[in-house]
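Here are some notes to read alongside the model, written for someone meeting it for the first time. Please keep the 3D view open as you go through the points.

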Amino acid sequence: MPDKLKLGLIAVGIGAITAGHYVTPPTLFLWHNIFQRLYYLPIVLAAILFGWPGGLLGAAVTALCYVPHIVMTWRDHPEYTTVQYAEIAVFFLVGAVTGVLADRERKRSEELRRVYRELQESFEQIKRADRLSAVGQLAAGLAHELRNPLGAIAGAADILEREPGSEARRREFLAIIKKESRRLDRLLTNLLDFARPRQPRIQPVNVGQIVGQVVALTSHTAERQGIRL
């Protein structure tokens, strides 16, 4: 709600209560006491909305509106007039105390909102840290997965370069290079589909063929180390 609208509501409240005072005959003593107590409502509202300055300002406006009524209506009742002036002093006291309490509560609410924002930011940082940790683990696993087919491709190419051999042997190592290249392609495809990973596909394999390919790829390096397979 805009501040102008809040001030307008407070002014309307004080004006309506003051009008009730002026139009009510002095003989209706009870109604004057009721209107007098109703002044506390706009004063307290001003203190809650604008702090202790608003409470004091509301009390001051109320006093300016109420004092002429006291002077004109109750000048022949000095004892009652004294009570009314004392009531005006209470207006200021209530406005100031309520405003101080409202300011303190407002500061406490702002502090709670600040703490809540910090907790939200900390939570977001933890989430980002978790994501970075997951990315780091993924990168480590990816490096391991990439190293194997790259090593196979490099080994097959090294063998082809150093030992041309027969056409059948060349086809064997070229097949290995193609196979490992397709494996790299699948690995990168799975990485791109990380948001919706594929289900593992289980299928029978020829173990002897796999062992033969491993021996063929590692025999050259093994021989250079003095190892015979």
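1. **Overall pattern.** Along the sequence, the protein reads α-α-α-α-α-α. Its secondary structure amounts to 6 helices and 0 strands, where helices (H or I, at least four residues) and strands (E, at least two) are DSSP runs numbered from the N terminus. Of the 229 residues in the protein, 26% are buried; buried means under 20% relative accessible area, exposed over 50%, and partly exposed in between, with a 1.4 Å probe and protein chains only.

2. **What kind of model this is.** This is a predicted model, in which local features need pLDDT of at least 70 and side-chain atom pairs count only at pLDDT 80 or more, while totals for chains, interfaces and linings use all residues. Residues are numbered from 1 along each chain as its sequence is written, and side-chain values use heavy atoms, with hydrogens and water left out.

3. **Confidence.** The protein has a mean pLDDT of 80, and 89% of its residues reach 70 or more; pLDDT is the predictor's confidence in each residue, from 0 to 100. Where in the protein is confidence lowest, and where is it highest? The lowest mean, 76, belongs to helix α5 (residues 167–192), and the highest, 85, to α3. Where pLDDT is low, the predicted coordinates should not be read in detail.

4. **α1 with α3.** Helix α1 (residues 3–23) packs with helix α3 (residues 40–73) at an angle of about 25°, their axes being 10 Å apart. Axes here are lines fitted to C-alpha atoms, for helices over the stretch in contact, and angles run from 0 to 180 degrees between N-to-C directions. The two helices, α1 and α3, are therefore roughly parallel (under 35 degrees counts as roughly parallel, over 145 as roughly antiparallel, 65 to 115 as roughly perpendicular and the rest as oblique). The contact of α1 with α3 has 15 nonpolar, 5 polar and 2 charged residues; Ala, Val, Leu, Ile, Met, Phe, Trp, Tyr, Cys and Pro count as nonpolar, Asp, Glu, Lys and Arg as charged, and the others, Gly among them, as polar.

5. **α1 with α2.** How do α1 and α2 cross, and at roughly what angle? Their axes come within 9 Å and cross at roughly 165°, which makes α1 roughly antiparallel to α2.

6. Trp-31 and Phe-35 make a tilted pair, 6.0 Å centre to centre with 35° between the planes. Both sit in helix α2 (residues 29–38), and because they are 4 residues apart, about one helical turn separates them. Trp-31 is partly exposed at 45% relative accessibility, whereas Phe-35 is buried at 15%.

7. **A pair across the chain.** Tyr-39 and Phe-91 have ring centres 5.8 Å apart and planes at 65°, so this pair is edge-to-face. It links distant parts of the chain: Tyr-39 lies in the loop between α2 and α3, and Phe-91 lies in helix α4 (residues 78–162), 52 residues apart. Both Tyr-39 and Phe-91 are buried. Together with Tyr-40 and Tyr-66, Tyr-39 and Phe-91 form one aromatic cluster.

8. **A spot in α6.** Is Ala-216 buried or exposed? Ala-216, in helix α6 (residues 207–224), has 9% relative accessibility and so counts as buried. Ala-216 and Phe-173 are 43 residues apart in sequence and 8.6 Å apart in space, C-alpha to C-alpha.

Technical notes. Phe/Tyr/Trp six-rings, centres within 6.5 Å; stacked < 30°, edge-to-face > 60°.
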